[in-house]
Amino acid sequence: MNPFKSLLGTFAVLGTWPDWESYFDLSRKGLKVSFICLAGSLLPLWMVAQGIQIERARVLDAEVASPQLLPFVITVGLWLFSFPAMAYLIAMILEKMDRTRPWIITRNWAVFWLSVLTGACFGLVVLDILPFAAANGVAFSAYLGLLAIDIRLTQKVAGFNWGTAILIACVIVAVGLTFVQLSISR
């Protein structure tokens with residue numbers, strides 16, 4: 001699958017473009033590819049963590065300490081992969097199993113492209129091209145935008161009504177944050 005086609009598909013599914021399904025491979029192979037891309041989100045998110053550490057070192061007038069790889073992968077991996085587990089569980093309980101695969105595929109691609117955007121901004125921070133405040137604004141917008149994305153995908157792809165979609169998206173975001181908080185507190 002052409003990754004840039006999935007970028008257009010992300011805009012299509014989040015917007016009002018017709019035939020958003022044609023932009024994604026909604027087969028089992030497409031599901032596997034979306035998980036590979038989701039795992040690929042670790043690299044741009046690593047750049048975010050590195051940019052934050054560089055800014056922290058600058059503010060504290062200390063040496064830059066890169067994030068440790070294993071705790072980073074575990075924490076971010078739990079956050080990234082909590083959605084597919086939640087989507088499967090929610091779809092099973094609310095009898096929407098036929099929509100689970102497209103829901104997971106579109107959400108994985110949306111997260112991938114959000115992480116690429118955020119990672120690129122923090123890459124510019126690492127290169128001292130972009131101020132940290134601007135990149136941080138992009139990161140917060142992306143994170144808050146993820147709730148809106150989850151609401152839209154839950155409604156449009158998974159087929160839930162508006163109120164249920166909002167509730168489900170809030171639960172998904174809360175579960176992801178819970179995993180991050182538990183990982184950080186250890």
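## Loops, helices and side-chain pairs in a predicted model

E95 sits in the loop between helix 4 and helix 5. The model is predicted. In it, E95 takes a positive phi of about 55°, although it is not a glycine. With a relative accessible area of 70%, E95 is exposed.

The place of D61 is the loop between helix 3 and helix 4. Its phi is near 55°, a positive value in a residue other than glycine. D61 is exposed, at 73% relative accessibility.

### Helix 5

Helix 5 covers residues 100-126, which makes 27 residues.

How many salt bridges does a search of the whole structure find? The search finds two.

One joins D150 and R107, whose side chains meet at 2.7 Å, N to O. D150 lies in helix 6 (residues 132-156) and R107 in helix 5, so this pair ties together parts that are 43 residues apart in sequence. Both D150 and R107 are buried.

E55 and R58 form a salt bridge too, with their closest N and O atoms 2.5 Å apart. Both of these residues lie in helix 3 (residues 42-60). They are three residues apart, about one turn of the helix. Is E55 buried or exposed? E55 is buried, because its relative accessible area of 15% is under the 20% limit. R58 is exposed, with a relative accessible area of 56%.

### Aromatic rings

The count comes to 10 aromatic pairs. One of them is F4 with W113, a tilted pair. Their centres are 5.9 Å apart, with 35° between the planes. F4 lies in helix 1 (residues 3-14) and W113 in helix 5, so the pair ties together parts that are 109 residues apart in sequence. F4 is exposed, with a relative accessible area of 54%. W113 is buried, with a relative accessible area of 15%.

F122 and F132 make another pair. Their ring centres are 5.8 Å apart and their planes stand at 75°, so the pair is edge-to-face. F122 is in helix 5 and F132 in helix 6, 10 residues apart, and the pair links distant parts of the chain. Both F122 and F132 are buried.

Which residues form one aromatic cluster? F4, W109, F112 and W113 do.

A charged side chain also meets a ring. K96 lies over the face of F160, at 5.2 Å from the ring centre.

### Cysteines

How many disulfides does the structure hold? The structure holds zero. The sulfur of C37 is 20 Å from the closest cysteine sulfur, in C121, and that is too far for a bond. A disulfide needs the two sulfur atoms within 2.5 Å. C121 is likewise in no disulfide; for C121 the nearest cysteine sulfur is that of C37. C37 counts as buried, at 15% relative accessibility. C121 also counts as buried, at 13%.

### S82 and its contacts

S82 is found in helix 4 (residues 69-93). At 7% relative accessibility, S82 counts as buried. What does S82 touch, leaving aside its neighbours within four places in sequence? S82 is in contact with G176 and F179.

### Accessibility at a glance

The table gathers some of the residues discussed above.

| Residue | Relative accessible area | Class |
|---|---|---|
| S82 | 7% | buried |
| C121 | 13% | buried |
| C37 | 15% | buried |
| E55 | 15% | buried |
| W113 | 15% | buried |
| F4 | 54% | exposed |
| R58 | 56% | exposed |
| E95 | 70% | exposed |
| D61 | 73% | exposed |

Technical notes. Residues are numbered from 1 along each chain as its sequence is written. This is a predicted model: local features need pLDDT of at least 70, side-chain atom pairs count only at pLDDT 80 or more; totals for chains, interfaces and linings use all residues. Side-chain values use heavy atoms; hydrogens and water are left out. Helices (H or I, at least four residues) and strands (E, at least two) are DSSP runs, numbered from the N terminus. The expected span of a helix is 1.5 Å times one less than its number of residues. Buried means under 20% relative accessible area, exposed over 50%, partly exposed in between (1.4 Å probe, protein chains only). A salt bridge is a side-chain nitrogen of Lys or Arg within 4 Å of a carboxyl oxygen of Asp or Glu. Rings of Phe, Tyr and Trp (its six-membered ring) pair if their centres lie within 6.5 Å; planes under 30 degrees apart count as stacked, over 60 as edge-to-face and the rest as tilted. A charge sits over a ring if NZ of Lys or CZ of Arg is within 6 Å of the ring centre and within 35 degrees of the ring normal. Contact means heavy atoms within 4.5 Å.
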